Amino acid sequence: MVDHLVLGSVLALSLGFVVVYNLLFFVSLYNLFIAKRNGRGERTTTTTTNPTTTTATTVNSCPGGDDDDPDVIIVGAGVAGAALAHTLGKDGRRILVIERDLTQPDRIVGELLQPGGYLKLIELGLEDCLEGIDAQRVFGYALFMNGRRSTKLSYPLENLHPDVAGRSFHNGRFIQRMREKAASLANVVLEQGTVTSLLEEAGTIKGVQYKTKDGEEIAAYAPLTIVCDGCFSNLRRCLCKPKVDVASSFVGLVLENCELPYVNHGHVVLADPCPILFYPISSTEIRCLVDMPGEKVPSVSNGEMANYLKTFIAPQIPPQLYKAFIHAIDKGNIRTMPNRSMPAAPHPTPGALLMGDAFNMRHPLTGGGMTVALSDIVVLRNLLRPLQDLNDSHALCKYLESFYTLRKPVASTINTLAGALHKVFRNSNDPAVKEMRQACFDYLSLGGLFSNGPVSLLSGLNPRPLLLVLHFFAVALFGVGRLLLPFPSLKRIWIAASLMSSASGIILPIIWAEGVRQMFFPATVPAYYRAPPVRLELNYGEISDSFEALSILYSSTIKTGGYFGLPSFVY
Ligand SMILES: Cc1cc2nc3c(=O)[nH]c(=O)nc-3n(C[C@H](O)[C@H](O)[C@H](O)COP(=O)(O)OP(=O)(O)OC[C@H]3O[C@@H](n4cnc5c(N)ncnc54)[C@H](O)[C@@H]3O)c2cc1C
């Protein structure tokens, strides 16, 4: 009875949200229609009144610019850079990729690709890069409360091709396969070198200065430079306002000769002080990532870290993994990595773009970074495809402003969920936060739409920010209901109020940083409708009509469980 009451109020509130939200969407649609009928669309502005036509000729005469120059310079061949090089190369662009180190990376990052990211990989024609590297299929998560109680959360894959699932692997092997695939294209040149600066002229980026393996300093020029130099980017400062937050660090170990309690699943242990993750990275190895608050972690070299892991963390992990965990510590290959978050805050700059972690980062708890990077590449590829000529940097820059809004459904859903879950999953002495963590575990354990909804958001299969907010507050209300029913005491009312306030304090700042308007009302952002500048020449009939584009987006988002529509609300 009590459960019915709580569920009833949660559903009523959720429905109210959806109705208001969809009403607002249709108002935007109507406004757009009126604007278009009156000839006030962005397309007109870009193609006829923008005074940048002469700029294109200036850009053509950039220092050293000639027919041998590449169309695009890509800085960094990690996940984003390598995938982008192949994607733009396949579209016929001449690409120069400059990567600091072309040997196979050995890192503890980017090892679990969500099913949504796998779908993007297919869209980019790169799925074969997961073959021959002993990548493992991942079908969902198992969530453990204090290493004992557990619940299985499967990805909602029922309506997808049987091949679609998450994949986990050695990051370096995957990157090396993508580099090889990019370099196999005749028009892609992959060079080892360290980019030291971006070359700027009158506010436009003309190329890069880089140092080759032999120490030679070289300047390279291209109409478009895409900076993908990763989470420690030195080059992003002039292209965005980097507000980097390091909420915690991951300590990485590799476990051998053991089986996960749930085969082919990621494991999240809600431990003290922070969550612990396990997932397979090959048929014989399991990655363990122990989250620790802050950037400063116990020293690995003087044995403090091993001691901390053995005495404090080991007793909290599932018993099946205990022996292998201790063995991995004794083996000594303990790695650490700061977990950085950074909202996307670009300064749109003619001649340059940021991609991957250099542009936007989120807590890696939910393994969403590669999915966001690959999804961004799909958006950028689709925007660039109709353009033959990238030389008019100013017109191109204005046109590409739509990228920042079009990427939002996927990026903001994954970013917000990662930040919010990391805060909810920490242990805390605050009874309200403790209650929220327990409510979250119990809510997900209900199964059905209560687990499918959040998991579909986390996996990148259902990029709907509104649905995320609904589930988040549904968890909070679920917690409040449990506190107040059947008989509320003063103390319980106080905890319930603190819980609602903590929940708002967790999610609202993240949403604010993502941008409320871009996240929930993208249709009201003018750049959303920007059409390709006509003078940069269309290759083929891509969607150039803003109204048509919006209608197609609307219908396709509904079909694919997109974030405006109601039909897949029941996920
Ligand atoms: C601990 C941790 C775990 C993570 N786990 C996951 C996960 O499981 N799943 C997931 O999806 N995401 C995960 N992520 C996030 C994911 O790793 C990143 O989102 C992804 O690697 C970003 O790709 P990128 O190409 O931007 O950066 P990177 O892959 O780091 O590539 C950057 C490249 O640029 C090169 N470079 C840097 N500076 C220069 C320069 N000046 N000149 C030339 N080259 C340069 C570097 O050598 C590197 O090859 C994790 C992150 C962390 C920190």
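**Note on the predicted model**

1. Six elements, namely α4 (79–90), β2 (95–99), β3 (112–113), β8 (188–201), β16 (335–341) and α9 (369–384), each contribute at least two residues to the shell around the ligand. Helices (H or I, at least four residues) and strands (E, at least two) are DSSP runs, numbered from the N terminus. The largest share of this shell, 4 residues, is supplied by α9.

2. The model is a predicted one: local features need pLDDT of at least 70, side-chain atom pairs count only at pLDDT 80 or more, and totals for chains, interfaces and linings use all residues. Residues are numbered from 1 along each chain as its sequence is written.

3. The ligand is surrounded by 37 residues, the closest being Gly76, Gly78, Gly230, Gly356 and Gly369. A residue is near a molecule or strand if its C-beta atom, placed from the backbone, lies within 6 Å of it. By class, the shell around the ligand holds 18 nonpolar, 13 polar and 6 charged residues. Here Ala, Val, Leu, Ile, Met, Phe, Trp, Tyr, Cys and Pro count as nonpolar, Asp, Glu, Lys and Arg as charged, and the others, Gly among them, as polar.

4. Domain 2 (63–134 + 169–243 + 342–406) and domain 3 (246–339) each give at least three residues to the shell around the ligand. The domain bounds come from an automatic or database domain assignment.

5. For the chain as a whole, the secondary structure comprises 18 helices and 17 strands. Of its 571 residues, 50% count as buried. A residue is buried if 20 or more other C-beta atoms lie within 10 Å of its own, exposed if 12 or fewer, and partly exposed in between, with C-beta atoms placed from the backbone. Among contacts in the chain with a separation of 6 or more, 76% are between residues 24 or more positions apart; two residues are in contact if their C-beta atoms, placed from the backbone, lie within 7 Å.

6. Why is helix α5 (residues 115–123) described as largely enclosed by the rest of the structure? The reason is that 7 of its 9 residues are buried. These are Pro115, Gly116, Gly117, Tyr118, Leu119, Lys120 and Leu121. The buried residues of α5 pack against β3, β7 (166–168) and α9. Just after α5, Gly125 adopts a positive phi of about 70°.

7. Strand β11 (residues 224–227) directs Leu224 and Ile226 one way and Thr225 and Val227 the other way, and all are buried. In a regular strand the side chains alternate between the two faces of the sheet. Strand β1 (residues 72–75) runs parallel to β11 and is joined to it by 4 bridges, with Val75 opposite Val227. Strand β17 (residues 352–354) also pairs with β11 in the parallel sense, over 3 bridges, and Leu353 in β17 is the bridge partner of Ile226. Two strands pair if DSSP finds at least two bridges between them.

8. Two residues may be examined individually. Val79, in helix α4, is buried because 27 other C-beta atoms lie within 10 Å. Leaving aside neighbours within four places in sequence, Val79 is in contact with Gly110, Ile175, Gly356, Met370 and Ala373. Ala513, in helix α16 (residues 490–514), is partly exposed, with 19 other C-beta atoms within 10 Å. Ala513 and Ser412 are 101 residues apart in sequence, yet 9.7 Å apart in space, C-alpha to C-alpha.
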